[in-house]
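Please keep the sequence and the structure in view while reading.

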Amino acid sequence: MAAPADKTIKALSGKWVMNKELSDDFDTILQMQGVGWMMRKIISMATITLTVSQYVEDGTNLTHIDIQQVASGGIQGTTERRTLDWEFRAHRDGIFGEVEGKSRWVLLENVDKGPDREWLTRGWLDESGGEHVQSYVVCEKGGWTAEQIWGFEEIDGARYHTRHVVVRKGDDWKQARLVYNFQSAA
């Protein structure tokens, strides 16, 4: 189901299910990140549900986005706790291991210039004053980085929450668009 009008990048709380028909194939990204063939096949067959809790911390004006991932069959995935202040925080990911990540609000014109900038910044609906969520993750052991821009796009006449993802390893990079259906309030 497309995203209702009251779901915006400033109000993401709820349950979101990855739409695999509209999402790009991200197997090459997972392969670049060192995920083995068997795990990639399991991920490709699973239905992935995100339970998102977005809130502003009292007295600080800092936005937090906490995400619990669950795969079909109730298999618990990683819990992500993002603070939109562009400060690196260590995180132990169930698939990728030890990573460090940072997130922030960003205007698209402030996304770093690079060969993948056009991919990260194109196609977005102009909502929420032009702000989007930017996420940047470093996996030292795996030798890769991942950058995401989150927002909303119109696809086939319907509005969806999407994420543009770029993973870089050395001089190589892969991209994918992940599309999410709104399922319900959390």
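Strand 4 (residues 75–83) supplies eight residues to the lining of the largest pocket, the largest share of that lining. The model is predicted, so local features need pLDDT of at least 70 and side-chain atom pairs count only at pLDDT 80 or more, while totals for chains, interfaces and linings use all residues. Residues are numbered from 1 along each chain as its sequence is written, and side-chain values use heavy atoms, with hydrogens and water left out.

**Pockets and cavity**

Rolling a probe the size of a water molecule over the atoms shows where empty space is left. The search runs on a 1 Å grid over the protein atoms alone: a cavity is a set of points where a 1.4 Å probe fits but cannot get out, a pocket is an open set with protein on both sides within 12 Å along at least five of seven lines, and lining residues have an atom within 4 Å of a point. Grid points are joined across faces, edges and corners, and a volume is the space filled by probe spheres set on the points. For the residue classes, Ala, Val, Leu, Ile, Met, Phe, Trp, Tyr, Cys and Pro count as nonpolar, Asp, Glu, Lys and Arg as charged, and the others, Gly among them, as polar.

| Space | Volume | Nonpolar lining residues | Polar lining residues | Charged lining residues |
|---|---|---|---|---|
| Second largest pocket | about 180 Å³ | four nonpolar | three polar | eight charged |
| Largest cavity | about 40 Å³ | three nonpolar | three polar | two charged |

Phe96 belongs to the loop between strand 5 (89–93) and strand 6 (97–107). With a relative accessible area of 24%, Phe96 is partly exposed; buried means under 20%, exposed over 50%, and partly exposed in between, with a 1.4 Å probe and protein chains only. Leaving aside residues up to four places away in sequence, Phe96 touches Leu30, Gln33, Val35, Cys139 and Trp144, where contact means heavy atoms within 4.5 Å. Gln33 is 63 residues from Phe96 in sequence, yet their C-alpha atoms are 7.4 Å apart.

The second largest pocket has 15 lining residues, and Asp112, Asp116, Tyr136, Glu147 and Arg168 lie nearest its centre. Strand 7 (131–139) and strand 10 (172–184) each give at least two residues to this lining.

One cavity of 30 Å³ or more is found. The largest cavity is lined by Ile9, Leu125, Glu127, Ser128, Glu131, His132, Gly151 and Phe152. Strand 7 and strand 8 (144–155) are the elements that give two or more residues to the cavity lining.

**Aromatic contacts**

The whole structure holds four aromatic pairs; rings of Phe, Tyr and Trp (its six-membered ring) pair if their centres lie within 6.5 Å, and planes under 30 degrees apart count as stacked, over 60 as edge-to-face and the rest as tilted. Trp16 and Phe182 form an edge-to-face pair, because their ring centres are 5.1 Å apart and their planes lie at 70 degrees. Trp16 is in strand 1 (residues 14–18) and Phe182 in strand 10, so this pair ties together parts 166 residues apart in sequence. Both Trp16 and Phe182 are buried. Together with Phe152, they form one aromatic cluster.

The charged end of Arg159 sits over the ring of Phe152, 4.1 Å from its centre. A charge counts as over a ring if NZ of Lys or CZ of Arg is within 6 Å of the ring centre and within 35 degrees of the ring normal. Arg163 lies over the face of Trp150, at 3.8 Å from the ring centre.

Trp150 is part of strand 8 and, at 0% relative accessibility, is buried. Its contacts beyond four places in sequence include Ile65, Ile67, Trp124, His161 and Arg163.

**Positive phi values**

Ser128, from the cavity lining, has a phi near 50 degrees, a positive value in a residue other than glycine. Ser128 lies in the loop between helix 3 (117–121) and strand 7. Asn61 also has a positive phi, near 65 degrees, and at 66% relative accessibility counts as exposed.

Note on methods. Helix = DSSP H or I, 4+ residues; strand = E, 2+ residues; numbered from the N terminus.
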